[in-house]
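Hello,

Here is the structure I promised to pass on. My notes on it follow below.

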Amino acid sequence: MPAKTKQKSEYVCSSCGHISIRWFGKCPGCGAWDTLVEEKVEPASKEKSHAMLSGSDAPVPLSRIDASDHEARIPIDVEELDRVLGGGLVAGGLVLLGGEPGIGKSTLLLQILMRLSRRGMKVFYVSGEESLTQIRMRAERLGKCPEGLWSMCECSLEKIQAAIKELEPQFLAIDSIQTMSAPGLSSAPGSVAQVRESTAHIMQMAKSMAIPTVIVGHVTKDGAIAGPRVLEHLVDTVLYFEGDRSHSFRLLRTVKNRYGPTFEIGVFEMTEGGLRQVTNPSKLFMGSHAGPVAGAVTVPCLEGTRPLMVEIQALVTPSHMAMPRRTTTGIDSNRLAMLVAVAQRQLGLPLHEQDIFVNVAGGLKITEPAADLGIIAAIVSSFMEKPIAPTAALFGETGLTGEVRPVGRTELRLKEAARLGFTSCTVPASGLSGISMPEGMEILPVRNLADAVETVGLTAG
Ligand SMILES: Nc1ncnc2c1ncn2[C@@H]1O[C@H](COP(=O)(O)OP(=O)(O)OP(=O)(O)O)[C@@H](O)[C@H]1O
Ligand SMILES: [Mg+2]
């Protein structure tokens, strides 16, 4: 469409940030569909300067740079949080906290702020989304509001920067980056250009004043708002707060960390008084049956480096449909189709005549193949209407030929199973060398699927 005014437009991908001069249905950069949004091109002005990290003027030997005070971590003293951060906050470190709307990002942030300010730190919470009264009301719900917690409702980064310079806080939280507008940019808050520029400004501030900073970013599916994915390479640490809204547990996941390990998780529970850390998360995902039930098995799964005992449930019933149903919650349906085919072929079970439903208890999603053996055992147990002993656990990856393959961190899984009172565990035979076995745990090594179902007592007759 020809523009009447002289102002030009460009089209920016809200997923990857690719810029093109005309609109495409499919982004030429990342291949995503319908993600290009129109943005006005800012006329180049002398005052407008893109925020960049101000460095040294000339090259310097790195050995002469003093990093002793930057190394110090500021622990939040919440085990689940400190673990995902790699030990605590880092001075000048910029953390992006992403998550779906309403999952509890502001609650988590406010709880961190309140905790730090109770320890005597001067902390600053900038909200572009809620009024001071609303923030105060949330703080009341979470506990007594401490003195050292400063707050401001503002969207203009210029004013926020001035306030930070005056207040000199020891911790800064920006909720959310999509509401911020950077100086010198006229595009709407939430647009890719604004989000990127605002983050660059905040980063410059955080690094130059050595303030640990957390920014909140909304993740939307429709691509109308710039997703924080664009920002992931700008910030030091990316955390995702996720969970099933119909369940109270929430997972905080590290996706990127310049100062610590990735793929760690922290487990929290949303309660009336805010988020509570769950130090024994296995309890959340384990069944609480009065006795043995057919179709339920427990698998030691790994989330990051954390072992979790997770109950997998299957229901197998005769189907009256031409295409029997395969319904899953918490596992990939393609994986289920494969495992059913393997079980049918290797164990000779007529599963093609059955509707099969598989569910992971507690709303957890399992992606690791270590759960394969558990999924098949649950299906076979339900099909045969034969329960597996509640004190028996099993894990292992299953291949197309019915072989049971080793998975990582066998020792960790066995330890967690033993800790929670399991007395036997069926494991892949080839993953056992050099592993110390927990006391009181009977290890049943298996090489193929047929052996595995036999060891857990699922044989005909
Ligand atoms: N009184 C309460 N008891 C239990 N849970 C509550 C209570 N009040 C709020 N919540 C929980 O807090 C969630 C909202 O939290 P919060 O506002 O921190 O989320 P958010 O991720 O910041 O959302 P937004 O994207 O809207 O900013 C609600 O979905 C609800 O689960
Ligand atoms: Mg919020």
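Helix α3 (residues 105-118) packs against helix α4 (residues 132-142) at an angle of about 70 degrees, and their axes are 10 Å apart. Angles of 65 to 115 degrees count as roughly perpendicular, so α3 is roughly perpendicular to α4. On the α3 side, the contact is made by S106, T107, L110, Q111 and M114. On the α4 side, I135, R138, A139, R141 and L142 make the contact. Sorted by class, the contact of α3 with α4 has five nonpolar, three polar and two charged residues. Please keep in mind that this is a predicted model.

Next, the ligand. Ligand 1 is surrounded by 15 residues, and the closest are G102, K105, S106, T107 and R138. Of these, S106 and T107 of α3 and R138 of α4 also take part in the helix contact.

- S106: an N or O atom in the side chain is 2.6 Å from an oxygen atom of ligand 1.
- K105: a backbone N or O atom lies 2.8 Å from an oxygen atom of ligand 1.
- I103: a polar backbone atom is 3.3 Å from an oxygen atom of ligand 1.

Last, a residue in another helix. E158 lies in helix α5 (residues 157-167). Is E158 buried or exposed? Its relative accessibility is 51%, so E158 counts as exposed. E158 and G396 are 238 residues apart along the chain, and their C-alpha atoms are separated by 55 Å.

Regards

Technical notes
Residues are numbered from 1 along each chain as its sequence is written. Chains are lettered from A and ligands numbered from 1 in the order in which they are written. This is a predicted model: local features need pLDDT of at least 70, side-chain atom pairs count only at pLDDT 80 or more; totals for chains, interfaces and linings use all residues. Side-chain values use heavy atoms; hydrogens and water are left out. Axes are lines fitted to C-alpha atoms, for helices over the stretch in contact, and angles run from 0 to 180 degrees between N-to-C directions. Helices (H or I, at least four residues) and strands (E, at least two) are DSSP runs, numbered from the N terminus. Angles under 35 degrees count as roughly parallel, over 145 as roughly antiparallel, 65 to 115 as roughly perpendicular and the rest as oblique. Contact means heavy atoms within 4.5 Å. Ala, Val, Leu, Ile, Met, Phe, Trp, Tyr, Cys and Pro count as nonpolar, Asp, Glu, Lys and Arg as charged, and the others, Gly among them, as polar. Buried means under 20% relative accessible area, exposed over 50%, partly exposed in between (1.4 Å probe, protein chains only). A residue is near a molecule or strand if one of its heavy atoms lies within 4 Å of it. A polar contact is a pair of N or O atoms within 3.5 Å; within protein, one must be able to donate a hydrogen and the other to accept it, and residues adjacent in sequence count only if both atoms are side-chain atoms.
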